[in-house]
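Please keep the sequence and the model in view while working through the numbered points.

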Amino acid sequence: MRRGPWLWATSLAVYAFLYLPLLIVVIYSFNDSRLNAEWVGFTWHWYDTLLHDEAMLGAAGNSLFIALVSSLVATALGTMAGIAMHHYKLRLLTFMVLTPVAMPEILLGVSLLLFFIQALNLTLGMLSIILAHITFSIGFVAVIVRARLAGMDESIFEAARDLGASPWETFRYVTFPLILPGVVAGGLMAFTLSIDDFVITFFTAGVGVSTLPLHIYSMIKIAVTPEVNAMSTLLMLLTLTMIVLASRFAPDVLKGKE
Amino acid sequence: MAQLEIRNVTRRFGDFVAVNDVSLSIEAGEFFTLLGPSGCGKTTILRMIAGFDLPDAGQILLDGKDLADTPAEKRPIHTVFQSYALFPHMTVAQNIAFPLRMARRPATEIENMTREILEQVYLTDKASAYPHELSGGQKQRVALARGLVNRPRLLLLDEPLGALDAKLREEMQIDLINLQRDVGVTFVFVTHAQVEALALSHRIAVMDQGKVEQVDEPAKLYGLPKTRFVADFIGHINQLEAQVVESAHGHLRLAVDGLGEIIAPPLKDAAVGTKGVFAIRPEQVRIGVHGEMEELKNHFSGVVHNLLYRGEVSVYKVELANGAIIEALLPNSAPGRAELFKVGDAVKLGWRHDAGMFLRD
């Protein structure tokens, strides 16, 4: 079928709306000027500044550490939750696992802050951020793992038991290898969510610890320097890589079908 | 002692009684079939033997030992699932080696046993293929090999031929018979297809609504059904409402409304006045022109109401004087000729006095 010029125009406009701002950030990160106003010339200068900015590097290190730890823990817990949701078909369970996913971030941030301070009497810092990130990531991992299980023939797991595998061996040799792509995709998703989270981190970080998004925010309160553009570009690259990897491992989750 | 004994087993799901006080005993080396319409409880029985489900009452004994406390993975019983349930992430050889690995057999033994059974099911060249690369018939054979490789006491087969096309199904039936004879493992086969059950089994248990109607050899089941359900479920059968008017030593005399009397084989304890049906297979009914059939004790006039040309035979549906329709089969041994009689032809029907049977209500 021949597509009309209007369809082309509309879709171009939508894509422009989505990606032009990102493109501008990327372009100005290479701009040889302090101002984000006009194009002067190409430079690697801002990336070089970035590499020597102690505060920025510290924040980046924190972010990577938090993302790594929280995504690993969330993957383990989320996988268990996904299997449980599939196996027991309890509505309440599904509801409870998925609520943090749908909850407004600001609400989750405030309630976690109150919970950590008043209920746990925890000093805010690295640990509180990691716990918060685990909390909102579990649901995402669980959904992806469950989607993976939903398409499978239930008798495969019965067959494993039938042929002499204990419940643990059934998980180890049959269930886990089959859901592994979903588990990996879920983990990458959790990593991505953690590394660029701002709202919840803002509430649970306290004073001592900063992460990349927090640090960038504090910098642009003064001015949007090209250094922020450079950092944003790198972050964008990392996130994109994660998404591409995730879609490789679980095409059924991100594309709708395998 | 029977190898597998099912004693008074009952299984309920809420108010629904899926299996109702069933007792069966299956001998070692037997090809035993549970046959019945869907929902008759045959699959529930299979799942209880495998250990995926437990009876609410009664016992299941293997070699005299109650299985109630043995979980599925500890029972020397394997299942071939309707969907085959092959592990999609393992090759054919890995699938087949799985039960051996779980049984902690030494590696060389696993390798040898896997190779042997692969040869037996003609899949040696597919050893390193994945299940999605196989045809339906090949998947079926992998599932069989996987179920048989470590010589279980019992192999359960849940409608394993259901997903295959007609031609392949017939080939697989022959393969199944040969395989079962070669390995000597007891097979318990579940199906709703009576043709399959008759072709494969040593003995068949016909089930309906959670109960066993009759357990018998295929030929006995077909030729001498004991209940109306069995007569009707296995093959085609003509039925005429009848009442006993004389119960002698050598025969029964039955009255059929609007038709007259039928001489039928004797039935124990069939008192005069007992109501039921006279049932006779289409191939036992002869069809001819006026003046024929006189030598037979049972002969009636009718009109050809319908006919079906089926290739090897033609089925004539003949309407009798009382409006009942009786089917008769005629083999088409004269090639190129589809019909000996036409719709509307007046014909004679007849059958021997020792053919058919009386089935009580």
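1. The loop between β6 (77-80) and α2 of chain B contains Ala85(B). The model is a predicted one, and in it Ala85(B) has a positive phi of about 50 degrees although it is not a glycine. Most residues other than glycine have a negative phi. Is Ala85(B) buried or exposed? Ala85(B) counts as buried because it has 25 C-beta neighbours inside 10 Å, and the cut-off for a buried residue is 20 or more.

2. Gln209(B) is found in the loop between β9 (203-208) and β10 (211-216) of chain B.

3. The C-alpha trace of chain B spans about 75 × 50 × 35 Å along its principal axes. Chain B has 361 residues, and buried residues make up 40% of them. Among contacts in chain B between residues at least 6 apart in sequence, 64% join residues at least 24 apart.

4. One sheet of chain B can be followed strand by strand. In what order do the 4 strands of this open sheet lie? The order is β2-β1-β4-β5 in chain B, and the pairing is antiparallel. The edge strands are β2 (16-26) and β5 (65-66) of chain B, each of which pairs on one side only. Strand β1 (residues 4-13) of chain B is joined to β2(B) by 7 bridges, and these two strands run antiparallel. Opposite Leu24(B) in β2(B) stands Ile6(B).

5. Asp21(B) is placed in strand β2 of chain B. Which residues does Asp21(B) touch, not counting residues up to four places away in sequence? They are Asn8(B) and Thr10(B). Asp21(B) is partly exposed, because 14 other C-beta atoms lie within 10 Å. Asp21(B) and Pro106(B) are 85 residues apart in sequence, and their C-alpha atoms are 43 Å apart in space.

6. The nonpolar interior may be considered next. In soluble globular proteins, nonpolar side chains tend to be buried together. The largest nonpolar core here has 104 residues, of which Ile49(B), Ile96(B), Ala145(B), Leu156(B), Val188(B) and Phe278(B) touch the most other members. Helix α2 (residues 92-102) of chain B gives the most to this core, namely 6 residues. Leu156(B) illustrates these contacts: not counting residues up to four places away in sequence, Leu156(B) touches Leu46(B), Ile49(B), Ala50(B), Ile77(B), Thr79(B) and Val188(B). There is also a second, separate core of 36 residues, which includes Ile66(A), Val143(A), Val183(A) and Phe249(A).

7. The C-alpha trace of chain A spans about 70 × 65 × 30 Å along its principal axes. Among contacts in chain A between residues at least 6 apart in sequence, 77% join residues at least 24 apart.

8. One helix of chain A requires comment. Helix α8 (residues 167-195) of chain A spans only 36 Å between its end C-alpha atoms, whereas a straight helix of 29 residues would span 42 Å at 1.5 Å a residue. Where in α8(A) does a kink of about 50 degrees lie? The kink is at Leu180(A), shortly before the proline Pro181(A).

9. The final point concerns the meeting of the two chains. In this model, 15 residues of chain A are in contact with 16 residues of chain B. On the side of chain A that touches chain B, α7 (155-162) and α8 of chain A each supply at least two residues. The largest share of that side, 6 residues, comes from α7(A). By residue type, the side of chain A that touches chain B divides into 7 nonpolar, 3 polar and 5 charged residues.

Conventions. Residues are numbered from 1 along each chain as its sequence is written. Chains are lettered from A and ligands numbered from 1 in the order in which they are written. This is a predicted model: local features need pLDDT of at least 70, side-chain atom pairs count only at pLDDT 80 or more; totals for chains, interfaces and linings use all residues. The expected span of a helix is 1.5 Å times one less than its number of residues. The bend at a residue is the angle between axes fitted to the seven residues ending there and the seven starting there. Two residues are in contact if their C-beta atoms, placed from the backbone, lie within 7 Å. Ala, Val, Leu, Ile, Met, Phe, Trp, Tyr, Cys and Pro count as nonpolar, Asp, Glu, Lys and Arg as charged, and the others, Gly among them, as polar. A nonpolar core is a set of buried Ala, Val, Leu, Ile, Met, Phe, Trp, Tyr and Cys residues joined through C-beta atoms within 7 Å. A residue is buried if 20 or more other C-beta atoms lie within 10 Å of its own, exposed if 12 or fewer, and partly exposed in between; C-beta atoms are placed from the backbone. Two strands pair if DSSP finds at least two bridges between them.
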